Every structure is written in C-alpha cells, then in structure tokens.
Amino acid sequence: MHQEKIETIKSAIVLADAQNQDELEAYRLKFISKKSVVGELFAEIRNIPNEQKKEYGQLVNEVKQLADNKFQELIDKVNAASKKAKSMDLDLTLPATYIPVGGIHPLTATRQRIIEIFERIGFNLSEGPEIEDDWHNFTALNFPENHPAREMQDTFFIEKNPDIALRTHTSSVQVRVMESHKPPIRTLSPGRVYRNEAISARAHCIFHQVEGLYVDENVGFADLKNTLYHFAKEMFGRETKVRFRPSFFPFTEPSAEIDISCLLCGGKGCNVCKGSGWVEIGGSGMVDPNVLENCGIDSKKYTGFAFGMGIERIAMLKYQIKDLRLFTENDVRFLKQFRSLL
Ligand code: DAH
C-alpha cells in the first residue's frame, strides 16, 4: 500500500520540471515543504507498526533525498536560464551610442555636383598635371609673348626655370585634350590651380577651377549659352538667370564673362552682388582658331566653345560662404555644417 504510493511520488519527482521562479515554488510546495506529499509521508510514520518503521523510514528518506536533489537541480536550471536571458536583455528605447561621422568637404561636394551635371549632358572627365610647361599653360592658348599673366607676380615658376610653372588655370588641360584627341570632344577638367596672390577673404594662392571644352563641327555660341543656362539652373535652381558680358581672353574669340542672378537677393541688389543683382561665376567663349591650330585641329572644319569657372566661387555662392580662407583652414566647426552633403 505505502510502497505503491511511494513509487507514484518518486516518479512524479523524476518527471517534475520548472521553467521559472513560480514553478520552482510550486515544486517546493508539492515535494519539499512540511505539507507536501513527502512531508505527509513523514507524518505517516507514527501510524506505521513498530516492526515496519525502520524499513518505512528508509524508503521515505530515499524519497526525500530524491526530492531534495531534484529541487537543487531545478534551482540551478532556472538560475542559469534567467542569467542567460539577462545577458541578452536589450533596451531598444535607449539612446544610441554616438558615433562621430565625417562629412564631405564643401569643395568636394561642389565639384561632384558640377561633374554630375555635365556628365549627364555628355561631357567626359579629363585631367592634366599641376606642374605645367609654358606651352600648355600659355603659348598654345594664344597668350602674347609679353602678356602680364606670364609674369613672376602672377605665376609660381619652378626653380627659376621660366618654362616650368604651377598651372595658373585649368585651360592647360584643354590643350592636352585637343592634342591627344580628335573631335568631337566634350570634356570637363576640374583641378587645382595656383597664383602668386596674397591670401585674403576673396583671393588665395591655391584654388580650384573647372574647365569645359566642346569641339565639333558647327558648334556655335548658342550651344555655349544653352549649356551654361542648363548648368546654372541645375546648380543654383530653376529661377536662376544667366547673363553673358563681353570680355577678353587670349584663347577665345569672342569671349564672355558669365554672370548669374544673385542668389541672395534674387536680382534686387544686396551687398553680395554689390547692388548689381548679378554675380560672376566664370569666363567663356568660342575657342580661338589659333588655339585649335596650335593643338592640331583643323579650324576650318571645327569650332568649339570653352568655359572656366572657380569651384570655390560656386561653393561660396551656393552655401553663402563669405571667406575663401574657410575652405583650407580645416576648422571642424565650419566643416561640420556640411555633414549632410552627398
Ligand atoms: N582660364 C580663365 C581664367 O583662369 C577662365 C576661362 C575663361 C576659361 C574663358 C575658359 C574660357 O575656358 O573660355 O580666368
């Protein structure tokens, strides 16, 4: 009779399980506490005839041992599980750890944007050296022998060799491209240029330009105008107006300076445009036939237009930057403001 009851309790202990504190407590009440089934077996001892007490006692002690061992086992198991769950505890509402991110330099962003606009209308990219010879920087571009741009105060010459200088403009790349490619040519040449100038809010001895060149049969001034209209609207916005002012460059004839309507006042006149409503962004013109011939291109068959713009100037207008020196000072308080570009 007792035997049977004891076996049932034993197998219940063996099968018992607990996943959490509540279930552990339930186990404890059922098998460990005074009022548990095991506790009842102990209470039963006084009703057992004396000669069977010893044997019964042994059996009940075995059950108690079994129940205790199992209890410890279940405690360990539940503790291990809750420790594991804790280590995986993620609070998704906590603010994220701050990871400082860099940004694109405003000049890089501006150059990229210019390239993108011209690439979409069929211009490819070309490059030339920053250390240039007289031919590519001046002579092939039709600069007269005694042109002031050749003089020491404008140009950085290398080791007093009057033939080698830091290029003063990206127009030198025009020459290199025309010398090495047959028309049709449609190319954009961004790059760094150097001039012997005192550094101020408006001038620097190192700056960037982007040169454009289009040479083919029947290229006319209307193509130049339309190309730059397109550029100005893409770069500065649909409302932007463009104006061409007659000018002079040795390498273009006719030549024109390119103005856009002032972005700040929309043409009404302010201190950025000095009350005129217009700001200059570069020079342009029809490639002088002498230049085409200097580069081995038949000027009777081909015509072309060219333009050159300062990248700093465009960035200053676009982002309303008032001092050129900010581009090269690497002050993070300035650079941080462009973190969202690109
Ligand atoms: N090279 C000129 C400068 O540095 C800019 C320029 C003017 C480039 C007219 C051109 C052009 O291609 O056609 O001031």
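Visitor: Which residues of α7 are buried?
Guide: The model is predicted: local features need pLDDT of at least 70, side-chain atom pairs count only at pLDDT 80 or more, and totals for chains, interfaces and linings use all residues. Residues are numbered from 1 along each chain as its sequence is written, and side-chain values use heavy atoms, with hydrogens and water left out. Helix α7 spans residues 171-180 (helices, H or I, at least four residues, and strands, E, at least two, are DSSP runs numbered from the N terminus), and 7 of its 10 residues are buried (under 20% relative accessible area; exposed is over 50%, partly exposed in between; 1.4 Å probe, protein chains only). They are Ser 171, Ser 172, Val 173, Gln 174, Val 175, Val 177 and Met 178.

Visitor: Is α1 roughly parallel or antiparallel to α4?
Guide: The axes of α1 (residues 2-15) and α4 (residues 50-87) come within 10 Å and cross at roughly 10 degrees. Axes are lines fitted to C-alpha atoms, for helices over the stretch in contact, with angles from 0 to 180 degrees between N-to-C directions. Angles under 35 degrees count as roughly parallel, over 145 as roughly antiparallel, 65 to 115 as roughly perpendicular, the rest as oblique. That makes α1, relative to α4, roughly parallel.

Visitor: By class, what residues does the contact of α1 with α4 have?
Guide: Contact means heavy atoms within 4.5 Å. On the α1 side, Ile 6, Ile 9 and Ile 13 are among those meeting α4 residues, which include Leu 59, Val 63 and Lys 70. Nonpolar covers Ala, Val, Leu, Ile, Met, Phe, Trp, Tyr, Cys and Pro; charged covers Asp, Glu, Lys and Arg; polar covers the others, Gly among them. By class, the contact has 10 nonpolar, 2 polar and 3 charged residues.

Visitor: Are α2 and α4 roughly parallel or antiparallel to each other?
Guide: Their axes come within 10 Å and cross at roughly 175 degrees. The two helices are therefore roughly antiparallel.

Visitor: Is Lys 70 buried or exposed?
Guide: Lys 70 is found in α4. Leaving aside neighbours within four places in sequence, Lys 70 is in contact with Ile 13, Val 14, Ala 16 and Tyr 27. At 13% relative accessibility, Lys 70 counts as buried.

Visitor: How are the rings of Tyr 27 and Phe 31 paired?
Guide: Both residues lie in α2 (residues 21-32), 4 residues apart, about one turn of the helix. Rings of Phe, Tyr and Trp (its six-membered ring) pair if their centres lie within 6.5 Å; planes under 30 degrees apart count as stacked, over 60 as edge-to-face, the rest as tilted. The structure holds 17 such pairs. Here the centres are 4.9 Å apart and the planes at 50 degrees, so the pair is tilted.

Visitor: What is Glu 253 in contact with?
Guide: The UniProt annotation "binding site", from an unreviewed entry, covers Glu 253; positions follow the numbering used here, feature names are shortened, and annotations may be inferred rather than shown by experiment. Glu 253 sits in strand β8 (residues 252-261). At 47% relative accessibility, Glu 253 counts as partly exposed. Leaving aside neighbours within four places in sequence, its contacts are Met 286 and Asp 288.
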